[in-house]
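Hi everyone, thanks for coming.

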Amino acid sequence: MRAALRRVVQLVVVLLCVSFFSFALLSLAPGDPVTAIVGFGSPAQLAKVRHQLHFDRPFLEQYWSWLSGLLHGDLGNQYFGPTGVQKVSTSIGQSLPVSLQLMAYAMILTILIAIPLGVLAAYRSGTFIDKAINTTAFGAIALPDFALALILSYWVGVKLHWLPSQSYVHPTDDFVQHLRHMVLPAVSLAVGQIAAYMRLLRSDMIATLQEDFILMAKAKGITNRRILWRHALRPSSLTLLTVAGLNVGALIGGTVVIEVIFQIPGMGTLLYTAIAERQYVMLQSLVVVIAVAYVLVNVFIDILYNVLDPRLRHARVIT
Amino acid sequence: MLASSPNTIAETELALEHPEPKEPGSRWRRPRRQRLGIGAWFAIGWLLLVLVGATLIPMLMHSNAIANAEAGHSSQGLFKVPGHPLGFDRNGNEMLLLLAKGARSSLLVSVGAITFGLLVGGSLGLIAGYFKRGVDGALSTFFNVLLAIPQFVLALSLVTVFASTAIDSTGNQHPPSSGRRMLVLIFALGVVTIPILARITRANTLQWSQREFVMAARAQGATNFRTMVREVLPNVLPAMFSIALLGIAVVVVAEGGLSILGVGVLSPAVSWGSMIAISRADLQTLPYEVLEPIVCIFFTVLSLNFLGDVVRARFDVRESAI
Amino acid sequence: MRHGLGSRKTGSAVVALALVMLMVLAACGSSGGGGGSTSKGQTGAKTGTGLDNVGGNGIIPGLFTETTKPTPGGDVTFALEAESTGGWCLPEAQLAISGIQVARAIYDYLAVPDNKGNYVPSLADKITSSNNFKTWTIHIRPGIKFQDGSPLNAQVVADNLNAYRGMFPDHTVLLFYFVFKQVADVKVVDPMTVQVDMTTPWAAFPAHLFEYGRLGIMAEAQLHSGKNCFKDMIGTGPFKFDGDWVPNDHLTVVKNPNYWRKDSFGQQLPYLDKITFKPVPDGSAMLNGLQSKTFDLANTDDTTTVIPGLLSQVPNNMHLAVSTNFPETGYTIFNTQKPPFNNILARKAFVQAFNYKLYSQLRLHNLNQQANGPFGPGVLGYLKDTGLPTYNLVAAKALVKQYEQETGQNFAFTLSIPNDAPSQASAQVVVDMMKNAGISVSTKPEEQSQEINDVIKGSYQAAAWRNHPGFDPDTQVIWWVCSTAVPPAAAPPPAAPSTNIGETTPDGKVGNNCDNPVNFTRFNDPVINKNLDIGRTSTNPTVRKQAYEAVNREFAKQVWSAWTNWTVWTVPSQTDVRGILGPTLPTATNADVTTDGAEPFTGLSSGTDVSTLWLMH
């Protein structure tokens, strides 16, 4: 109980620090934020916007009002010219599900392909199949996901016309088209991940397969297949889970570029737009939302890890 | 890109290895008597080629894009113009020269970033692992905060804030100079690597500072600083070197990603990433413009990953994620 | 070693992988090659570019009023080259063509141009003026309703015109204030008649009731919607906006069932149920989308990436409506109030160092004609030879030396450009060309609205620019004129006087001191001022032609701007899309589409009328 409370306190501290850091960082941006946001207008209009956005107040006061707004769900506004305004929370509400779908598909592909391949390579360790899989994986890691995205979008999308090479269809509008549009982006993201996870699982399982309890299981007459999937995989999956937490961050980074290449209206494109249009208020909110989501995902994975590994359930977690 | 962050994978991968006992007091372990395989030689060869090319080619090759274009060489791809096998881009620039200049920027940014990260992160990790307790707790919280923001998004924000606009003396906004952007890229990508490098250094330091020879040095009256630097650090270096190689590869790719989003190196500087970003519009008609830098990135990352693994194997390095 | 990666066997596998990669590169990379493109098709107007054999200007089937009976129904996706982040509060919005295309779906205009460049009443049914062109009377066509059901009448039209003038509360206009500066008063004479009084004669006033498609007539509700004016769009047009706008992603408009026009078969316009506009600033994305049939049609002038990529598929797999007449002009705009371009030697040197033929070959696939002035083929004032200096590297180098000797400064400047990758690559060619002449150029890539801001404020030396769509030259006056007759209320302080070194005109030294803040080039040329005034106040076509030709020649003589090329606006479309150019225009007595009506304007630089788009099955 005390451990859990400590973790919660730590979590809150981290979140506060992250929010302050994002806010402070973007406040350091040079130039008058108002002209960056509003473009050009009369000095009276600019002064009005400056007052609305609290840019005329001291720094800590700005941070406090921003933070309390954030906690109430007010993520600021996106500005279009001197009068056009749209709530950032609306934009995020539209884009976040799209990005989550893309990442989910990439993760599903990763799990579906990396685990069987890893198990196969570990089982057939040292043979030609293992060498082939391992080398291909090694090569796949070296190919950046945006490079693969460009190659796929050209060859598969334009030359062969097999799959659409850009834009997005909402799943409720046409589920088949939705999936077709997501294939190339998800594959571009997944390939590097598959390779990495596969190699990890393979090396982990090779170690596990040399343990005594496996020998014992074989002596008891359990089939190889059952040994692989039920006995050996379980401890190895914990390693995957640990890495998964760290890799979600990398997945998020990859998604930003992939979305821009495939013109998918997710958080990545929103981020790109905010940067290009110098919408610093929006950028602040986006960074915080992404960071908070990422922290929460890691917390979830931590909990999952504790649940799955009986050795840890009763031990103190050392950080 | 960072999607298959070898650093994080490497961390965990090697946590699984069972270390063999080492002789106390040794600064360098005796390297295994194992000749480097053909893969390692290929990797070393490629990296040397890139280094030499990046240094010499821009110095020695003088190629005027307009003159090339007027001679009809523009948009001529692979093996189309005798004597120029890599071809010319759409504006008449010689691809070989662009790739060499690109190598300069890409390597400068990546090596610079990792060096910065190692200096800061390595020192912090060393301190955290050596002194433990309070210092360690504070530093670890700092690392956790930095790690809480996804790496790429953090780098993107840092570059946007510090190098998207500059204000000149008359109060006008304009984009920063190419040099400034390069510095900020090194800084931003370096900052992003600090927590990971720190944690690895910390883990290794934790392990090494328990050893008898460290305690012996302290018993002999050596100061903490001296002990850290003379006893612990040399044993931690091989791990850091291996991770540095892997890290350089990651940063090269990250710079590519930043270029596609428009915050990579600025003209007149060229990087492999910016070559891809600029030529991506012509992918259909002039695919070699995009493929050549992709191949360079691919082989560079491949070689660095391979060598990183070789270094690890050679020095039987152990790194723990915990 | 458990991994086995340090071993020789895996090492050689890696080498094998490397060899495979190299072979793949050689195979992929060797496709594609030199520029240039050929296309088969009918002959059109000869421009000397690769578009000569592509159908356009009426040659593509279904471009004008239909002879086959169109089938109603269907949706289309229309790709545009940019988002209009400022929204559509028309008096304040600085709309570019993408925004204008959306506006044309939702709004209508008091007058629209026909294929001869005359302005035909549209929402009005009669537009007349007094003999001295100081009083204009606009009679509103009866029976038209806005999309919210409110009626179109003189009051709402007067409110619109006042809003555009900046005389309506809660709307701060910039551009239109100066356009309509000489409007003294707008008043409602009777429920369907508006009278506009001018301070000085304005013969070409009807052209400004269209103003490149910017002067849409909004409903009272939108005029009064305050902060939401930019997205609460309500017009009389064929499509209405139901609120579905995700900025930078899409904007949807749906059929207006009560549109005031029917086609020649008696069918209610528009035919389509829905149009989805998608902003696609990335050229390769637009090309991909058209090739993969994601987009049904698009609006583009991109001869760097999009149009060349489509040419091989025209006309069998893709249609391309091309307009090389009435083009817009692409050029490098100089700030003639600041060094180095306050000196004519510098301006001449730039123009003579610019090898257009090479630039066009490398960046434009030879698809754009070189411009010699702001008036392109078909526009009043166009001249085959204006006297603009031509490419001459030797002369350019000499001018550079002369400039540096006379001023004691190095010839160096910053060129502002849009920050997309193809523009940066194009600018690199310009930088290299200038370097060959001894001019040092650094580029400043900026987001488009930022670039526009800088030019407006005057904080630039030279910028890549595009303006002067091919409508009546009187609509260009606002960009060039300087006068001393300024209404007291909003006059900005006059710029400090300065003179240009070098040329003088017969009237004496040419100087600045321009009171017009929308004259971004910031020159004050008495020859141009005089002739623009003649063009504005005369209705004699010969007199006007001569006046604008004089303007054209003066531009070339003083090299106020470095004219680069004439844009080629196109509408690429899938082969099942018809009715692209729009219907014949309404007549004074008949709102519907008839053969009596004038044919629509064939210039595409302000988008097209989308009311007659239909899908052939």
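This is a predicted model: local features need pLDDT of at least 70, side-chain atom pairs count only at pLDDT 80 or more; totals for chains, interfaces and linings use all residues.

Let's begin with a definition: a crossing of two helices is left-handed if the near helix is turned anticlockwise from the far one by less than a right angle, and right-handed if clockwise. Helices (H or I, at least four residues) and strands (E, at least two) are DSSP runs, numbered from the N terminus.

Residues are numbered from 1 along each chain as its sequence is written, chains are lettered from A and ligands numbered from 1 in the order in which they are written, and side-chain values use heavy atoms, leaving out hydrogens and water.

Now find chain B. Helix H9 (residues 224-260) and helix H11 (residues 287-315) of chain B pack at about 165°, and their axes are 8 Å apart. That angle makes H9(B) roughly antiparallel to H11(B) (the term covers angles over 145 degrees). Axes here are lines fitted to C-alpha atoms, for helices over the stretch in contact, with angles running from 0 to 180 degrees between N-to-C directions. H9(B) and H11(B) cross in a left-handed way.

Next, how do chains A and B meet? In this interface, 59 residues of chain A contact 55 residues of chain B. The buried area between them is about 5,000 Å², with carbon and sulfur atoms giving 76%; buried area is the accessible area (1.4 Å probe) that two parts lose on being put together, summed over both. On the chain A side, Phe138(A), Phe146(A) and Leu150(A) lose the most area to chain B, together 12% of what that side buries.

How many salt bridges cross this interface? The rule finds 1, counting a side-chain nitrogen of Lys or Arg within 4 Å of a carboxyl oxygen of Asp or Glu. Asp309(B) pairs with Arg199(A) in a salt bridge, their closest N and O atoms being 3.5 Å apart.

Finally, chain C. Most peptide bonds are trans. The bond from Leu269(C) to Pro270(C), however, is cis, with omega near 0°, and Pro270(C) sits in the loop between strands E9 (250-255) and E10 (274-279) of chain C.

Note on methods. Angles under 35 degrees count as roughly parallel, over 145 as roughly antiparallel, 65 to 115 as roughly perpendicular and the rest as oblique. Contact means heavy atoms within 4.5 Å.
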